[in-house]
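Subject: Structure handover and notes

Dear colleague,

Please find the structure below, followed by notes on what was found in it. The notes can be read alongside the sequence.

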Amino acid sequence: IQNDKELNIEAQSITKNILEMGKKDIRLLVNVANTTDSKAAQFQFAESAKQLKPYCAKIAVIGTTSIKSGIINIINKFMGLGVKSFPDETTACDWLIAP
């Protein structure tokens with residue numbers, strides 16, 4: 001996803017699908033590699049995470065750059081969403097499946 005419009009459409013679709021499941025214990029793995037770092041993308045990520053927090057037991061993010069990791073840290077600090085970034089899929093999945 002290389003532009004804000006594509007990211008917005010994809011994020012809204014994923015968020016809608018998860019909300020429709022109605023489950024409260026979803027463990028979500030998000031890969032943000034090759035996505036835009038724009039302010040609109042940052043806002044979309046924060047909004048999606050805020051909507052999903054009541055439904056997700058854990059949210060792990062992979063594919064981050066130092067900029068994206070910083071953004072995740074800022075979002076967590078101010079919104080308390082509990083999203084964690086990881087260097088690779090294996091580490092993220094290990095954290096997601098841990099009790």
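K50 forms a salt bridge with E47, with 3.5 Å between the closest N and O atoms; a salt bridge here is a side-chain nitrogen of Lys or Arg within 4 Å of a carboxyl oxygen of Asp or Glu. This is a predicted model, in which local features need pLDDT of at least 70 and side-chain atom pairs count only at pLDDT 80 or more, while totals for chains, interfaces and linings use all residues. Residues are numbered from 1 along each chain as its sequence is written, and side-chain values use heavy atoms, with hydrogens and water left out.

Both K50 and E47 lie in helix α2, three residues apart, about one turn of the helix. Helices (H or I, at least four residues) and strands (E, at least two) are DSSP runs, numbered from the N terminus. K50 counts as partly exposed because its relative accessibility is 43%, and E47 is also partly exposed, at 21%. The classes are buried for under 20% relative accessible area, exposed for over 50% and partly exposed in between, with a 1.4 Å probe and protein chains only.

The count by the salt-bridge rule is two. K16 and E20 also meet through their side chains in a salt bridge, at 3.0 Å from N to O. K16 and E20 both belong to helix α1 (residues 4-21), where they are four residues apart, about one turn of the helix. E20 has a relative accessible area of 54% and is therefore exposed. As a general point, side chains of opposite charge can pair when their charged atoms come close.

Next, the strands. Strand β1 (residues 26-31) and β2 pair in the parallel sense over six bridges; two strands pair if DSSP finds at least two bridges between them. The path from β1 to β2 goes through helix α2 (residues 39-52), and this β-α-β crossover is right-handed. A crossover is right-handed if, with the strands pointing away from the viewer, the path from the first strand over the helix to the second runs clockwise. I26 has C56 in β2 as its bridge partner, and L29 has A60 in β2.

In the loop between β1 and α2 sits N34. Its phi is near 60 degrees, a positive value in a residue other than glycine. N34 is exposed, as its relative accessible area is 60%.

Strand β2 (residues 56-62) is mostly covered, with six of its seven residues buried. A57 is found in strand β2 and counts as partly exposed, at 38% relative accessibility. A57 and G82 are 25 residues apart along the chain, and their C-alpha atoms are separated by 9.2 Å.

β2 also pairs with strand β3 (residues 83-85), in the parallel sense and over three bridges. In this pairing V61 stands opposite S85 in β3. A right-handed β-α-β unit is made by β2, α3 and β3.

Helix α3 (residues 66-79) includes M79. M79 is partly exposed because its relative accessible area is 32%. I74, F78 and M79 make a nonpolar surface patch of about 330 Å². Patches are made of residues with over 30% relative accessible area and no salt bridge, where like charges are joined within 9 Å and nonpolar side chains (Val, Leu, Ile, Met, Phe, Trp, Tyr) within 5 Å. The areas come from the Shrake-Rupley method with a 1.4 Å probe, and for residues only the protein chains shown count as cover.

K77 lies in helix α3 as well and is exposed, with a relative accessible area of 68%. K77 and K58 are 19 residues apart in sequence and 16 Å apart in space, C-alpha to C-alpha.

Last, the aromatic rings. Rings of Phe, Tyr and Trp (its six-membered ring) pair if their centres lie within 6.5 Å; planes under 30 degrees apart count as stacked, over 60 as edge-to-face and the rest as tilted. The count by this rule is one aromatic pair. It is formed by F86 and W95, whose ring centres are 5.3 Å apart and whose planes are at 40 degrees, so the pair is tilted. F86 counts as buried because its relative accessibility is 10%.

Regards
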